[in-house]
Amino acid sequence: MSPDAAERASLAARHLDLVQAPFTLPRSRLLVFRADRGDLTGPGAVDGAPPATALRVHTSEYERGLDECRVLDELVVRDAAGAPLPVTAVLPHAIEFGGGAASLSFAGPTALSIGVEQVEHLGHDEALVVEWRTPDGRGHREQVGPGAGVRLDVAADRGVRHAASASHATDLAATERIWFDWFDRCPSVREDLRQMAAFCWWVLGANIVELPGLGGARGVVPSKIGYVGVWQWDAYFIALGLRHGDPALAREQLEIAFRFPGEDGQLPDVVHEHGVLASSDDLPAADRDRLRRAGSQIADPNAPVPLTKPPLAAWALAKVLEVEDAPDWARAQLATIRRSQDWWFAASDLDGDGMPEYGHPYSSGLDDSPIFDGPLPTTAPDLGAYLVLQDLELARLAERYGADAAGDPVAHRERAERTLASLLALWNADAGRFEARAAGERVASDAIVGFMPMLTGGLPGPVLDALVEALADPARYARPWSVPTVSAADPDHSSERMWRGPVWVNTNVLVAEGLRASGRQDLARELEERTVALVVHGGGPHEYFNPETGLRAGSATTAFGWSAALFVDLAVRLSSAP
Ligand code: GLC
């Protein structure tokens, strides 16, 4: 074990509170939480909480809430007199009770192991009692003597079998080894970012699940609590962080995302353990209800609508190849990316004007953005910008890996120019912003999508100046914590509601990339610094943040994949010379 790995594991451990960060293992579907806290109830829910004594265990499954996936309740370790032993430490590889009298760890991805220490000086030469309840209400009690253990195996149907175990110490050591190997890969960053980078690296390891239908491929999911699958653009952002410590795992994310294109080249929105989500017909019922409640006009379409995610695949691929070249692998992926880029022009230019549209809000990744409040399809400045960027990337990649794989670079550049011209037609000079169109009609929303055209690096000076001014305007985007996803001056702004105001790490990174592509390196770096400062201030890589307080928005999930990955990516880049 390297001393660095041990240090990083202990830095990460400071964030393992069994509420926002459950105890888990790479590849495992088991999550251990403290039993006395329900789901997150607001920012800082754990601050000052007394130590837990009871734990609960859930499995992590695609589109199923934690409540549906309960496995064990009220898991308690008691001393010989019946008093519950408090949790005194949570480490990546073990939960310790009573100062180390007992510990809980993994025995492989599908089993937990609880063992009693055999250390005279701890004064525990008596047996302890391990007890738990299963969701059917049945209680179980096991006496466990010093040096002995009990193993709890969780089956695919969430049934639990228990048995005495003599291998707790071996299981504990094997689990510690897995985590140390993971932390050995954690990239080095500057001092003030080290603790959060270690925690974010833990999040990326913790979010690894095995996808049985995919030959055991390792998917790093957005969240084992809320999003158990490989979402198309999440995979891109997650790969950006992974590339610094585990380029092979970064490539594996892109491979999974690119593995199931439709016959027409469309990439699916999600790859999960039961298949893919590629059309509105595949949406789980809960999702359709959510769309209906939000008043979305696309909740019940007449015909299935394709679902995908923004065309940033070539951008992510190029970044992954920056750290380690893999020409054959790159060629194989490029063929898929190129067909998906063509798909947007062939199948998602719904009004046939040469500029593709979003046929569904989910395809934008910005599910509830106010730009989708009206009728669909939506012509959006972010989509135009991503398509320009992707054609430019494909042209560069074609020059490097050959036109056979990536297509004719000249054709890519010509299409990029045409798309850029359509994109510039969305500029409203009076309002000083790019606007979306809902079924052809102007959308007045002042939303973050309007900054994405900077990614093209091809904006006229006055347009770029107006965008830079908007970013610096306290009434619109320069909030205490920036960049809000909807301008604070917009009537639809809400500082707590998902894509209607909160700050997201991925959109910040894209805005910074755009500033850099447009020659504003100074502003790009400043925004990147503010983004890592936000994650540190907010206490972790949450899904999204309130722009006024810089804390987790109430409905945002924690230990979120792309926030963690992009923090790592930013921390590495900001730690090297400007
Ligand atoms: C939410 C986000 C979307 C993301 C998905 C998985 O639906 O709006 O952008 O891909 O979660 O994280």
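Which residues of H7 are buried? In this helix (helices, H or I, of at least four residues, and strands, E, of at least two, are DSSP runs numbered from the N terminus), the buried residues are Ala313, Ala314, Trp315, Ala316, Leu317, Ala318, Lys319, Val320 and Leu321. Buried here means under 20% relative accessible area, exposed means over 50%, and partly exposed lies in between, with a 1.4 Å probe and protein chains only. Because 9 of the 11 residues of helix H7 (residues 313-323) are buried, the helix is largely enclosed by the rest of the structure. Its buried residues pack against helix H4 (232-242), helix H5 (247-257), helix H8 (327-347), helix H9 (381-401) and helix H13 (505-517), where contact means heavy atoms within 4.5 Å.

The model is predicted, and local features need pLDDT of at least 70, side-chain atom pairs count only at pLDDT 80 or more, and totals for chains, interfaces and linings use all residues. Residues are numbered from 1 along each chain as its sequence is written, and side-chain values use heavy atoms, with hydrogens and water left out.

The protein is assigned domain 1 (3-182) and domain 2 (185-575), with bounds that come from an automatic or database domain assignment. The contact between them takes 30 residues from domain 1 and 42 residues from domain 2. The C-alpha centres of domain 1 and domain 2 are 36 Å apart.

The surroundings of the ligand were examined next. Pro222, Tyr227, Trp231, Trp233, Asp234, Lys309, Gly365, Asp367, Met498, Trp499, Phe560 and Trp562 surround the ligand; a residue is near a molecule if one of its heavy atoms lies within 4 Å of it. By class, this shell holds 8 nonpolar, 1 polar and 3 charged residues. In this classification Ala, Val, Leu, Ile, Met, Phe, Trp, Tyr, Cys and Pro count as nonpolar, Asp, Glu, Lys and Arg as charged, and the others, Gly among them, as polar. A backbone N or O atom of glycine 365 lies 2.6 Å from an oxygen atom of the ligand. For aspartate 367, a side-chain N or O atom is 2.7 Å from a ligand oxygen atom, and for tryptophan 499 the corresponding side-chain distance is 2.8 Å. Taken alone the ligand exposes 300 Å², of which the protein buries 96%; accessible areas come from the Shrake-Rupley method with a 1.4 Å probe, and for residues only the protein chains shown count as cover.

Histidine 412 is placed in helix H11 (residues 409-424) and counts as buried because its relative accessibility is 5%. Leaving aside neighbours within four places in sequence, histidine 412 is in contact with Asp391, Leu394, Ala395, Ala406 and Gly407. Histidine 15 lies in the loop between helix H1 (3-13) and strand E1 (30-34), and at 17% relative accessibility it also counts as buried. The side chains of histidine 15 and glutamine 195 are joined by a polar contact of 3.1 Å. A polar contact is a pair of N or O atoms within 3.5 Å; within protein, one must be able to donate a hydrogen and the other to accept it, and residues adjacent in sequence count only if both atoms are side-chain atoms. Beyond neighbours within four places in sequence, the contacts of histidine 15 are Ala21, Gln195, Met196, Phe199 and Gly539.

Proline 86 lies in the loop between strand E3 (70-78) and strand E4 (87-90) and is partly exposed, with a relative accessible area of 28%. Arginine 133, in strand E8 (residues 128-133), counts as partly exposed at 34% relative accessibility.

Several backbone features were also identified. Most residues other than glycine have a negative phi, and most peptide bonds are trans. A cis peptide bond joins leucine 376 and proline 377, with omega about 0°, and proline 377 is found in the loop between H8 and strand E17 (378-379). Serine 482 and valine 483 are likewise joined by a cis peptide bond, with omega about 5°. Leucine 18, a residue other than glycine, has a positive phi near 65°; this residue is located in the loop between H1 and E1 and counts as buried at 3% relative accessibility. Glutamate 63 has a positive phi of about 50° and lies in the loop between strand E2 (54-59) and E3.
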